[in-house]
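Dear colleague,

I am passing on a structure that is new to you, and below it I have set out what was found there. Please read the notes with the structure open beside them.

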Amino acid sequence: MSWSDWSVFALFWVVFVTTPGPNAVNCITNGMQLGFRQSLWGVLAILTQASVFLLGSAAGVTALILASPTAFQALQILGALVLIGLGIRGWIMASRPVPTVTDTEAAQPARAIYMKALAIATINPKSVAGYLAAFSQFVAPDVPMAEQLWVIFPTALSLTALSYMGYTALGAGLGRAALGAVFNRWLRRGLAACFILYGLLLGSAALPGRGA
């Protein structure tokens, strides 16, 4: 992966993992109620889910590349449409009110924090389709997958960790005010517009005759 390709991927992943959603709400809530250190079990759960989904996406994309380059190109176009759809959904959801949280006991076992965060991350609407769509856009079919994973995995997991540790720290430091700051309508619409723009640009590049 060239420096320019890595930069595009890294910028995309920043948008992907910082867009406010269920994971962000859970991290902020944990930070508010449990403190930063104890809440890191939730971040670890998100990284577990990200690792599994990245591996699954890599396996699926690899199988498709080997089976049919045409099918892989179709997946790239479909993935771009999914990104556009996520952007449109995010734009609409930006008008929804700031999520509310309920008070819970501060003392929770690590396992409970971890399992709850893992469940939320796994059923997150953008996870399954979003990871596969995002992954398919940045894989070069003519380069061995193992070589690309050495770049993609550390980048994706590092940015994911930084994002959700940041949300956790915001919750621990700002309390409920963090939800209002993170779920600002225009911030969310700006991130949604980035999804739409990425989808349009990547989909255009994947079209037959345009080059990938």
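Two residues are said to be in contact when they have heavy atoms within 4.5 Å of each other. This is a predicted model, in which local features need pLDDT of at least 70 and side-chain atom pairs count only at pLDDT 80 or more, while totals for chains, interfaces and linings use all residues. Residues are numbered from 1 along each chain as its sequence is written, and side-chain values use heavy atoms, with hydrogens and water left out.

Let me begin with N30, which is found in helix α2 (residues 22-34); helices here are DSSP runs of H or I with at least four residues, numbered from the N terminus. Leaving aside neighbours within four places in sequence, N30 is in contact with G35, S39 and I113. N30 has a relative accessible area of 5% and is therefore buried, a term for values under 20%, computed with a 1.4 Å probe on protein chains only.

Helix α2 also packs against helix α5 (residues 110-123), at an angle of about 160° and with the axes 9 Å apart, where axes are lines fitted to C-alpha atoms over the stretch in contact and angles run from 0 to 180 degrees between N-to-C directions. The two helices, α2 and α5, are therefore roughly antiparallel, which is the word for angles over 145 degrees. On the α2 side P22, N23, N26, N30 and L34 take part, and they meet I113, K116, A117, I120 and A121 of α5.

Turning to the aromatic residues, the structure holds five aromatic pairs, a pair being rings of Phe, Tyr and Trp (its six-membered ring) whose centres lie within 6.5 Å, with planes under 30 degrees apart counted as stacked, over 60 as edge-to-face and the rest as tilted. In one of them, F12 and F16, the ring centres are 5.8 Å apart and the planes lie at 20°, so the pair is stacked. F12 and F16 are four residues apart in helix α1 (residues 3-18), and so are separated by about one helical turn; both F12 and F16 are buried. A further pair, Y164 and Y167, is tilted, at 5.9 Å centre to centre and with 45° between the planes. Y164 and Y167 both lie in helix α7 (residues 145-174), three residues apart, which is about one turn of the helix. Y164 is buried at a relative accessible area of 4%, and Y167 also counts as buried, at 7%. Finally, F9, F12, W13 and F16 form one aromatic cluster.

Methods
Buried < 20%, exposed > 50% of the residue type's maximum accessible area, 1.4 Å probe, protein only. Parallel < 35°, antiparallel > 145°, perpendicular 65-115°, else oblique.
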